[in-house]
Amino acid sequence: MMNADTSPRQPYSTYHEWYASQDRNRLIAKSKEAENIFRKTGITFAVYGHADSSEKLIPFDLIPRIISGREWRRLAQGIEQRVIALNAFLDDIYHKQEIIRAGRIPRELIEKNDAFLPQMIGFRPPGGVYTHIVGTDIVRTGEDQFYVLEDNARTPSGVSYMLENRETMMQMFPELFHQNRVRPVENYPYLLRQSLASLAPPGCTGKPRVAVLTPGIYNSAFYEHAFLADMMGVELVEGSDLRVIDGKVKMRTTRGYTAIDVLYRRVDDDFLDPLTFRPDSALGIPGIMDVYRAGNITIANAPGTGISDDKAIYSYMPEIVEFYTGRKPLLENVPTWRCSEPQSLKYVLEHLEELVVKEVHGSGGYGMLVGPTATKRERTAFAEKLKERPGNYIAQPTLSLSTVPILVNKGIAPRHVDLRPYVLVSDKVQIIPGGLTRVALKEGSLVVNSSQGGGTKDTWVLED
Amino acid sequence: MLGRTANGLYWMFRYIERAENGARLIDAGLRMSLTRSEATEDDWDGVLQSAGVRELYDQVHDKLTSSDAIDFLLRDRANPSSVMSCIEAGRHNARMVRTALTRETWEATNECWIEMKQSLTRMVRPAEMPEVIDAIKRRTGLIRGAFHGTMLRNEIFNFSRIGTFIERADNTARILDVKYYVLLPAVSAVGSSMDNVQWESILRSVSAHRAYGWVYDAELKPANIADFLISNGRMPRSLAYCYEKIVSNLGYLAREYGEKHAAHETAEQTLQSLRSRSIDDIMDQGLHEYLEEFISHNNRVGQEITDGYRFYN
């Protein structure tokens with residue numbers, strides 16, 4: 001929030017003035033009130049492996065993270081460029097594979113990757129869109145300095161928190177939204193529905209019927225699935241509601257079976273179709289891939305998009321962006337050592353105490369080592385795992401992430417954050433101004449994942 | 001609407017109804033043990049039977065004591081019909097179908113669960129019991145209020161109402177069936193004080209002890225009690241009232257969908273039988289037999305709704 005000279009940074013100036021006039025105890029009471037709102041509404045997530053605490057709240061911090069309009073425009077341009085490149089890359093990988101032929105990416109990296117689906121080869125999804133919804137994880141290290149941490153191109157979650165955080169802030173502090181010109185995020189569900197409907201399969205006549213596919217009530221993001229279906233005004237379906245009949249995917253209603261045109265699925269590729277992928281999946285729809293390939297349903301995001309956000313592919317993103325857009329990437333990639341390469345592995349093992357090591361296929365902050373904060377014993381144990389399966393890991397330096405203030409009992413204190421803006425792709429790319437700011441609540445911590453004790457904040461993008 | 005959603009709504013409201021009725025049963029049982037000079041565990045035997053969990057109780061407990069019986073009815077997760085189990089199951093279904101519920105209805109259900117989970121973490125002491133029973137009635141009442149005040153009168157509403165009344169009809173019939181013998185024409189024309197306690201307890205189990213006096217004489221008479229709970233179309237927990245509601249909600253669905261199912265006919269027949277038979281006639285035929293037949297018809301209607309509207313497949 002502050003400049004080096006302790007004056008508030010420009011986008012924070014109005015907020016800072018307001019904050020200075022507030023009674024801290026009142027704010028702390030408001031904080032409790034927010035928690036009650038979340039609990040009452042049932043905005044919870046499930047932590048796997050915790051039988052006792054099957055539903056948890058994500059801590060909400062009520063000091064907004066504020067981004068100036070100017071800074072946002074730069075960021076948005078970079079994200080758009082990157083998302084366009086991701087889609088072009090996917091189309092290429094499942095068709096001509098020119099990027100491999102040009103020698104920019106090793107063939108085995110693609111073809112030996114579990115996220116690469118041979119079933120998608122030669123198939124082009126309706127409208128040529130692979131990643132309908134993307135959540136690009138970004139960190140800021142200084143004025144106008146952004147790094148992309150991850151491109152979540154499978155089924156990025158968290159957008160319901162973006163919307164509920166804003167809703168809660170507007171309920172609790174309406175005056176702030178008079179004083180600051182904050183760009184709206186509320187129309188996200190409408191844009192999502194519009195964007196999904198616009199990519200209905202060519203055979204669909206009439207108004208496309210959209211549905212959200214959830215793994216069910218025990219999934220950690222079930223609240224979000226229900227929330228999005230509700231806000232979009234579409235059905236929330238489970239695999240057991242769906243069946244392939246006459247070459248279409250149909251849902252069982254109280255009046256019989258009705259066809260679905262666009263399925264926003266929040267079920268992983270592996271579980272989508274037991275006839276094509278994991279035969280033991282009870283979450284999917286037997287035969288949906290045949291319907292898909294016959295052009296009778298749109299699946300968002302397309303199966304097989306995981307090959308574009310794989311952590312091993314990540315290190316090639318600068319090449320990918322340049323290859324497909326013909327321009328230098330506007331956003332930086334975090335320098336990444338691929339432990340599969342012997343020289344990199346050697347470097348990583350020698351510098352473990354300054355690196356973050358991640359599993360190539362991991363997510364949620366599990367199975368990673370944060371070198372600087374790990375104990376010596378943890379590092380030694382991790383080094384063994386690394387040597388055993390080097391191809392399973394990548395390593396990155398710890399960036400000096402910028403911090404934002406959070407409310408603590410003694411007032412405000414700085415904490416590290418990241419940012420996940422949400423991007424909708426149809427015939428155009430739409431980036432919602434704002435996104436989900438995740439904050440590491442523990443002092444000094446760099447891990448923002450909600451499964452690891454991270455919290456969230458409302459994120460403001462100001463009009464200029 | 002998805003068949004699974006209709007199923008979720010139907011069961012959400014069955015469970016909430018069952019939770020509320022469970023609280024009422026416990027209340028009536030407590031009242032009965034207060035009114036007696038010598039409290040007897042037999043009273044709780046009857047309450048457990050009314051709740052349909054007498055056998056299950058024996059699987060968990062060696063002997064019948066009032067405190068164990070109350071705990072079993074109120075909190076025991078081993079009892080799928082305990083108040084806590086029902087609130088949990090109702091809320092679970094609500095969470096599954098929350099896209100079909102208004103925010104008010106969902107929040108009332110969620111808050112009911114949050115509060116009851118909190119107040120039923122430990123065994124409830126006798127002194128706290130009235131407060132807990134009140135809280136259950138209040139919380140389920142808030143759900144009903146939010147539901148009535150905010151929900152569209154469409155198919156979602158119809159399936160919810162059908163669930164409520166199938167459950168309620170089942171509960172009322174069971175309460176009567178467990179105590180049917182105290183309602184049989186007595187040897188003496190005037191009920192003993194013992195009979196009076198039993199009769200009042202039946203009325204209390206359905207929160208009807210005040211209303212009874214408004215409709216009939218202040219004096220309790222078995223035939224009037226049976227009439228009130230079986231045939232009186234103005235009594236919201238009577239079998240006749242429940243079936244009027246079931247038939248009318250099924251009727252809305254038939255009009256909206258343009259098709260009828262087996263459930264429509266079975267429900268209509270059940271209602272006709274409730275309307276046409278006088279209470280004397282029922283008593284002559286045998287109250288117990290009549291109630292048994294009713295419970296089995298009620299189950300059949302439930303099953304036919306499940307099949308007709310594709311709840312499962």
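This is a predicted model: local features need pLDDT of at least 70, side-chain atom pairs count only at pLDDT 80 or more; totals for chains, interfaces and linings use all residues.

Select Asn154(B), which counts as partly exposed because 13 C-beta neighbours lie inside 10 Å; with C-beta atoms placed from the backbone, a residue is called buried if 20 or more other C-beta atoms lie within 10 Å of its own, exposed if 12 or fewer, and partly exposed in between. Asn154(B) sits in the loop between helix H7 (129-150) and helix H8 (155-178) of chain B, where helices (H or I, at least four residues) and strands (E, at least two) are DSSP runs numbered from the N terminus.

Residues are numbered from 1 along each chain as its sequence is written, and chains are lettered from A and ligands numbered from 1 in the order in which they are written.

Next, stay in chain B and select Val47(B), which is found in helix H2 (residues 42-50). Is Val47(B) buried or exposed? Val47(B) is buried, with 28 other C-beta atoms within 10 Å. Leaving aside neighbours within four places in sequence, Val47(B) is in contact with Leu25(B), Gly29(B), Ala69(B) and Leu73(B), contact meaning that the C-beta atoms of two residues, placed from the backbone, lie within 7 Å. Val178(B) is 131 residues apart from Val47(B) in sequence, and the C-alpha atoms of the two are 8.4 Å apart in space.

Now turn to pairs of helices. Two packed helices are described by the angle between their axes and the distance between the axes. Here the axes are lines fitted to C-alpha atoms, for helices over the stretch in contact, and angles run from 0 to 180 degrees between N-to-C directions.

Select helix H14 (residues 262-276) and helix H16 (residues 287-308) of chain B, which pack at an angle of about 160° with their axes 8 Å apart. That angle makes H14(B) roughly antiparallel to H16(B), a term for angles over 145 degrees, whereas those under 35 count as roughly parallel, 65 to 115 as roughly perpendicular and the rest as oblique. The residues that meet include Ala262(B) and Thr266(B) in H14(B), and His297(B) and Arg300(B) in H16(B). By class, this contact of H14(B) with H16(B) has 5 nonpolar, 4 polar and 2 charged residues, where Ala, Val, Leu, Ile, Met, Phe, Trp, Tyr, Cys and Pro count as nonpolar, Asp, Glu, Lys and Arg as charged, and the others, Gly among them, as polar.

For a second pair, select H5(B) and H6(B), whose axes come within 10 Å and cross at roughly 145°. Among the residues that make the contact are Met84(B) and Ile87(B) of H5(B), together with Trp106(B) and Trp113(B) of H6(B). The residues of this contact of H5(B) with H6(B) divide into 7 nonpolar, 3 polar and 2 charged.

Moving to chain A, select helix H9 (residues 222-232), which is mostly covered, as 9 of its 11 residues are buried. Among those buried residues are Phe222(A), Leu228(A) and Met232(A). Just after H9(A), Gly233(A) takes a positive phi of about 70°.

The last stops are points of backbone geometry. Most residues other than glycine have a negative phi, and most peptide bonds are trans. Asp246(A), however, has a positive phi, near 50°, and is found in the loop between strand S8 (242-245) and strand S9 (248-253) of chain A. Finally, select Ala300(A) and Asn301(A), where the peptide bond from the one to the other is cis, with omega near -10°.
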